[in-house]
Amino acid sequence: MAASPITSIVEDHLSTHLASQQRSMLLRDQLVETGFRILQERELDSLNIRDLAAECGVSVGAFYKRFINKDGFLRVLQSVITHNAEAQACTLFDTRRVGVMKLDHIVSDFVGFMIELFNGPAPVSYTHLRA
């Protein structure tokens, strides 16, 4: 079975505990995906590990077997957002493509990219980007 995009991003992240079993990797990915979904509904400061674990049907201890702490989990979310935005930007603003585009199309693509980044499936807000 191929690794999910989330698994490939967080596999070596310092904020996660090494997952050697497929089931553990799947749960870690589920926690990340659920974290993004919760953040679409709530503010970052109201993200609660107990609620996150309950949404995934696991114990709080299961969360801490996969992430070092809440801040580490948030750093993983930030890494996923950054990776996805960077991949999208590299595709959208490839120099070979941009070099032959009119300025108004470049600006339009950039504005569309920013709107999607801040309003898309894993929206970014100022609080998500803080260190």
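1. Arg66 is buried but makes no salt bridge; Asp29, the nearest side chain of opposite charge, is 9.1 Å away. Terms first. Buried means under 20% relative accessible area, exposed means over 50%, and partly exposed lies in between (1.4 Å probe, protein chains only). A salt bridge needs a side-chain nitrogen of Lys or Arg within 4 Å of a carboxyl oxygen of Asp or Glu. For charge, Lys and Arg count as positive, Asp and Glu as negative, and His and the chain ends are not counted.

2. Some ground rules. This is a predicted model, in which local features need pLDDT of at least 70, side-chain atom pairs count only at pLDDT 80 or more, and totals for chains, interfaces and linings use all residues. Residues are numbered from 1 along each chain as its sequence is written, and side-chain values use heavy atoms, with hydrogens and water left out.

3. Where does Arg66 sit? Arg66 is in the loop between helix 4 (60-64) and helix 5 (70-92). A polar atom of the Arg66 side chain lies 2.7 Å from the backbone oxygen of Ala62. For a polar contact, the pair of N or O atoms must be within 3.5 Å; within protein, one must be able to donate a hydrogen and the other to accept it, and residues adjacent in sequence count only if both atoms are side-chain atoms.

4. Now the overall build. The chain has eight helices and zero strands. Helices (H or I, at least four residues) and strands (E, at least two) are DSSP runs, numbered from the N terminus. Read along the sequence, the pattern is α-α-α-α-α-α-α-α. The chain has 131 residues, and buried residues make up 34% of them. Of the contacts with a separation of 6 or more, 55% are between residues 24 or more positions apart. Contact means heavy atoms within 4.5 Å.

5. How do helix 2 and helix 5 pack? Helix 2 (residues 22-41) meets helix 5 at an angle of about 85°, and their axes are 10 Å apart. The two helices are therefore roughly perpendicular to each other. From helix 2, the contact uses Leu31, Val32, Gly35, Phe36 and Leu39. Helix 5 supplies Phe73, Val76, Leu77, Val80 and Ile81. Axes are lines fitted to C-alpha atoms, for helices over the stretch in contact, and angles run from 0 to 180 degrees between N-to-C directions. Under 35 degrees counts as roughly parallel, over 145 as roughly antiparallel, 65 to 115 as roughly perpendicular, and the rest as oblique.

6. Next, the charged pairs. Side chains of opposite charge can pair when their charged atoms come close. The count comes to four salt bridges. Arg28 and Asp29 form one of them, at 3.9 Å, N to O. Are these two partners buried or exposed? Arg28 counts as buried, at 0% relative accessibility. Asp29 is buried too, with a relative accessible area of 4%.

7. Glu41 and Arg37 also meet in a salt bridge, at 3.9 Å, N to O. Why are they about one helical turn apart? Because Glu41 and Arg37 are four residues apart in helix 2. Glu41 counts as exposed, at 56% relative accessibility. Arg37 counts as partly exposed, at 34%.

8. Which residues join in a network of salt bridges? Arg37, Glu41 and Glu55 are linked in this way. Glu55 is in helix 3 (residues 49-56) and is partly exposed, with a relative accessible area of 41%. Leaving aside neighbours within four places in sequence, Glu55 is in contact with Thr34, Arg37 and Ile38. The C-alpha atoms of Glu55 and Ile38 are separated by 9.2 Å, and the two residues are 17 apart along the chain.

9. Asp51 forms a salt bridge with Arg42, the closest N and O atoms being 3.3 Å apart. Asp51 is partly exposed, with a relative accessible area of 31%. Arg42 is partly exposed as well, at 29%.

10. Arg50 lies in helix 3 and is exposed, with a relative accessible area of 60%. Arg50 and Val60 are ten residues apart in sequence and 5.8 Å apart in space, C-alpha to C-alpha. Asn119 is in helix 7 (residues 103-119) and is exposed, with a relative accessible area of 60%. Asn119 and Gln40 are 79 residues apart in sequence, yet 9.3 Å apart in space, C-alpha to C-alpha.
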